[in-house]
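User: I'm new to this one, and I'd like to find my way around it. Can we go through it together?

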Amino acid sequence: MTTIDLSEYDVPGRGRGLADVFRWRYLLRLLVRKGTATRYRNSVLGWTWSYVKPGIQFLMYFLVVGYIFDGNRGITNFPIYLFAGLVAVNFFNEAFGNSTTAIVDNRALVKKIYLPRELFPISAVTVAFIHFLPQLAILLVVALLYGWLPTFAGIGAMLLGMALVAALALGLGLFFAGINVRYRDAQNFVEIIRMVSTWASPVLYAWTLVAEKASGWVLHLYMSNPVTIAVELFHWTFWEPTVGSAAEKQPHGFPPHFTVYLGVAVVICVVILMIGQLTFRRFERTFAQDL
């Protein structure tokens, strides 16, 4: 009996997880192009909304927290401090929210053809990054007006913060995207996490206030949050260079043992990515039926 070699063929409905993204990168480009093209379709202002919405959000936080509640007390150049943290958290919230609904939003493709399902959450995170760039551009311009000068260390810290946010958003997005197809309650959990993320990181306040109110494992848990680490990296990149001379600088800076917290945050992101991928592949088997 003749044996047929099927090693060159893929088994339908099975893939290699995130590794397939490199093989199917042309489809990833198409999905990203589709996501960016349809975001503001039939909109008069179009991409202007990418500047208007974060600008209004920043203005409201600045007026309410900074002036009405006097939250800017003790923080020089509070607008830079606030906007630097807000940009990082906005990137996380959009990437996480979009990747969670990526499978449901593309149900027509999922039910009709096979392609690596991970492409949808990854394209959602990529589209969120593209829409994050206008906010980053505004932050750069404002920081320059405050006397900010770029450094290699600062740019490296910013890129590390962006990588942490993207990895965490993708890991959580894969986890909840898989569950969300079968149990739509997952979207409610995601909205709660997104709502809490702005307040669970030192965006509207300094981390020193948390250190005054909490200690021990609570502080360690707070500082190990990858979003908190990313926000502090953005602060170090954009805010600290604008504060002034050493005598005038705020006693904030990086918290003690920051490198340890950074290492823990990296480990957390890797673990969440692994758990997210395993959970996604577990639910992936029934995506077509559940949709």
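User: Let's start with H257: buried or exposed?
Analyst: H257 is exposed, as its relative accessible area is 58%. The cut-offs are under 20% for buried and over 50% for exposed, with partly exposed in between, using a 1.4 Å probe and protein chains only. Keep in mind that this is a predicted model: local features need pLDDT of at least 70 and side-chain atom pairs count only at pLDDT 80 or more, while totals for chains, interfaces and linings use all residues. Residues are numbered from 1 along each chain as its sequence is written, and side-chain values use heavy atoms, with hydrogens and water left out.

User: Thanks! Where does H257 sit?
Analyst: You'll find H257 in the loop between α12 and α13. Helices here are DSSP runs of H or I with at least four residues, strands are runs of E with at least two, and numbering goes from the N terminus. H257 also has a phi near 60°, a positive value in a residue other than glycine.

User: Which other non-glycine residue has a positive phi, of about 55°?
Analyst: That would be N77. N77 lies in the loop between α3 (49-68) and α4 (78-100). At 18% relative accessibility, N77 counts as buried, whereas H257 is exposed.

User: Zooming out, how many helices and strands are there?
Analyst: The protein has 14 helices and 0 strands. Of its 291 residues, 48% count as buried.

User: You mentioned α4. How many of its residues are buried?
Analyst: In α4, 22 of the 23 residues are buried, so that helix is mostly covered. From its first C-alpha to its last, α4 reaches 33 Å, close to the 33 Å expected at 1.5 Å a residue. The expected span is 1.5 Å times one less than the number of residues.

User: And what about α12, how many of its residues are buried?
Analyst: In α12, 13 of the 14 residues are buried, so the helix is largely enclosed by the rest of the structure. Helix α12 covers residues 226-239, and its end C-alpha atoms are 19 Å apart, which agrees with the 20 Å that it should span.

User: Which residue caps the N-terminal end of α12?
Analyst: N225 does that: one of its side-chain oxygens lies 3.1 Å from the backbone nitrogen of V227. A polar contact like this is a pair of N or O atoms within 3.5 Å; within protein, one must be able to donate a hydrogen and the other to accept it, and residues adjacent in sequence count only if both atoms are side-chain atoms.

User: What does the side chain of T237 reach?
Analyst: T237, which is also in helix α12, has a side chain that reaches the backbone oxygen of L233 at 2.9 Å. The side chain of T237 reaches the backbone nitrogen of M158 as well, at 3.5 Å. With 2% relative accessibility, T237 counts as buried.

User: New topic: how many aromatic pairs are there?
Analyst: A search of the whole structure finds 11 aromatic pairs. One of them joins F132 and F234, whose ring centres are 6.5 Å apart and whose planes meet at 70°, so the pair is edge-to-face. F132 belongs to helix α7 and F234 to helix α12, so the pair ties together parts that are 102 residues apart in sequence. Rings of Phe, Tyr and Trp (its six-membered ring) pair if their centres lie within 6.5 Å; planes under 30 degrees apart are stacked, over 60 edge-to-face, and the rest tilted.

User: F132 and F234: buried or exposed?
Analyst: Both F132 and F234 are buried. They belong to one aromatic cluster together with F91, F129, W148 and F238.

User: Last one: where is V264?
Analyst: V264 is in helix α13 (residues 258-284), and at 33% relative accessibility it counts as partly exposed.
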